[in-house]
Amino acid sequence: MNTPFTPTSRRNWLLTALGLSAASLSPWLAHADNDNDEDFEHEVSSNVSLALAQTGISGHVVVIGGGMAGAAAAKYLRLWGGAQLNVTLIDTDASYTSNIMSNLVLTQQRTMASLDYKRDVLASSYGVSLVQDRVVSLDTVNKQVLLANGTPLSYDRVVVAPGVEFMAAYGLRVSDYDTKTPHAWRAGAQTTLLANQIAGMANGDTFVMTIPLAPYRCPPGPYERACVVADLLKRTGRSNCRVVVLDENANIQAESGTFQNAFDFVHAGVISYQSNARNIQINSDTKVVTYAIGSGATQTINARVVNPIPAHRAAGIGAGSLDANDTSGWFATAGLNNSLDRRWAMVNPLSYESTAALGVHVIGDAAQCGLPKAGHVGNQEGKICADAIIRLLGGGSPDAAPVANSACYSPITSNTASWLTAVYQYDTSLGQIKVASNGGQTSGGAAVESASISSRNYTQMGVWFNTLMKDTFA
């Protein structure tokens, strides 16, 4: 018998899926059949045959972007909204390449193919209509999305989950990132290029990476990358190599205790961490990097490999050059980039509806709502947004007390890892989402990191990742 999902049962399901437990301080871990990559890829492509809810709600929701946030939103709109709620998912690519775990491609512990996720199950099991094309405009007045092929798509509500685009920085051109100094902060060809460059490092060579001012995608990710690159250089016998981290922030942005320990002890003598890095300039041809610490004198590094992670913003603000002044893209012309720095979309955290445009919901890395920009968070936002849209289409109001969980694992060596987790709740007095002071995960309104770097964490990392990807794409 198919039991319809009510708003209350959806919320209870969310709490269960988030793994909220007053007794546990470990990140969200739901059931996974195994943590073998090949077996999991087979599971994702199989038909899971979950029954759609019977709600009687009708309408058309268009989802722009099929990454972690957009795919989760599309799946759960159909699963919870029912067969009469039409959902169209638009993405420029036929599949999604996970940024999560992509640092392990640099160390040759994973392949790019193992991070590729098709969206076929969203269509076959849930009835999501898939469209591979590029959005050229979003008409929020007439409620219409225009595709590059000239097709207009009308909607009752639209979910915007475009991810991020990267801005020119450090004296580099956009083409430099693709061919000489890859940021590899979107998994793909640049990841392969950076892996090849690291593989070519020899004794005494220097790897330099930069970290932009927050907010940026995946707060612990750059520090994790420094660790796994340092570990690779050591275990492959390349002596006297250095990994120099030039962080524009005043301090480590996530898992500060874990990464400080990793820099000072686990990878002592290899990693050199510099906070408050300023005036960073990079010669893409010679790989000479100049910078200053605070207001100090200019310093110079002769690097073999340079991995500059530039500042980024919601994708669709610019239209090619990614100059800071370029706001000619569809996201900006629709007025969605209404944060103070004009880089992100401000949203109502109860529904993720844009504060600039009615009927437009912005989720994932493009939104600014009090949650970190990360893949697990995107999955959570997709579900909360889907629940809110279903309530709104049914004539109701969004859940007044949404809860979200943020969890991630960070590899520190080839077989050890750490983790970070937090629970977020809506604060009615502030009208914002913030880290909970209760909720079973924290004691004082702060994220919790693992007490140690361990091989057990590394094993659990695979289970967490596979479960998360299955929940999003299967």
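Guide: Helices (H or I, at least four residues) and strands (E, at least two) are DSSP runs, numbered from the N terminus. By that count the protein chain has twelve helices and 26 strands. This is a predicted model, where local features need pLDDT of at least 70 and side-chain atom pairs count only at pLDDT 80 or more, while totals for chains, interfaces and linings use all residues. Residues are numbered from 1 along each chain as its sequence is written, and side-chain values use heavy atoms, with hydrogens and water left out.

Visitor: Why is Ala-184 called buried?
Guide: Buried means under 20% relative accessible area, exposed means over 50%, and partly exposed is in between (1.4 Å probe, protein chains only). Ala-184 has 1% relative accessibility, so it counts as buried. Ala-184 is in the loop between helix 6 (174-179) and helix 7 (189-199). Across the protein chain, buried residues make up 55% of the 474 residues.

Visitor: And what makes Cys-218 partly exposed?
Guide: Its relative accessible area is 25%, so Cys-218 is partly exposed. Cys-218 sits in the loop between strand 11 and helix 8.

Visitor: What makes a set of residues a nonpolar core?
Guide: The members are buried Ala, Val, Leu, Ile, Met, Phe, Trp, Tyr and Cys residues joined through side-chain atoms within 4.5 Å. The largest such core has 120 residues, and those touching the most other members include Leu-77, Val-160 and Phe-331. Helix 3 (residues 68-81) gives the largest share of this core, nine residues. Apart from it lies another core, of 15 residues, among them Leu-172 and Tyr-291.

Visitor: How do you know what Val-160 is in contact with?
Guide: Contact means heavy atoms within 4.5 Å. Leaving aside neighbours within four places in sequence, the contacts of Val-160 include Ile-64, Leu-138, Trp-330 and Val-362.

Visitor: Why are strand 13 (271-274) and strand 17 (305-308) said to stand at the edges?
Guide: Two strands pair if DSSP finds at least two bridges between them. The open sheet of four strands has the order 13-12-11-17, with parallel pairing. Strand 13 and strand 17 each have a single partner strand, so one side of each is left without a neighbour in the sheet.

Visitor: Which way do strand 6 (residues 135-139) and strand 7 (residues 144-147) run?
Guide: They run antiparallel, joined by four bridges. The bridge partner of Val-135 in strand 7 is Leu-147. Their hairpin has four residues between the strands, and Lys-143 takes a positive phi near 55 degrees there.

Visitor: What makes Lys-373 count as lying over the face of Trp-344?
Guide: A charge sits over a ring if NZ of Lys or CZ of Arg is within 6 Å of the ring centre and within 35 degrees of the ring normal. Lys-373 lies over the face of Trp-344, at 3.9 Å from the ring centre.
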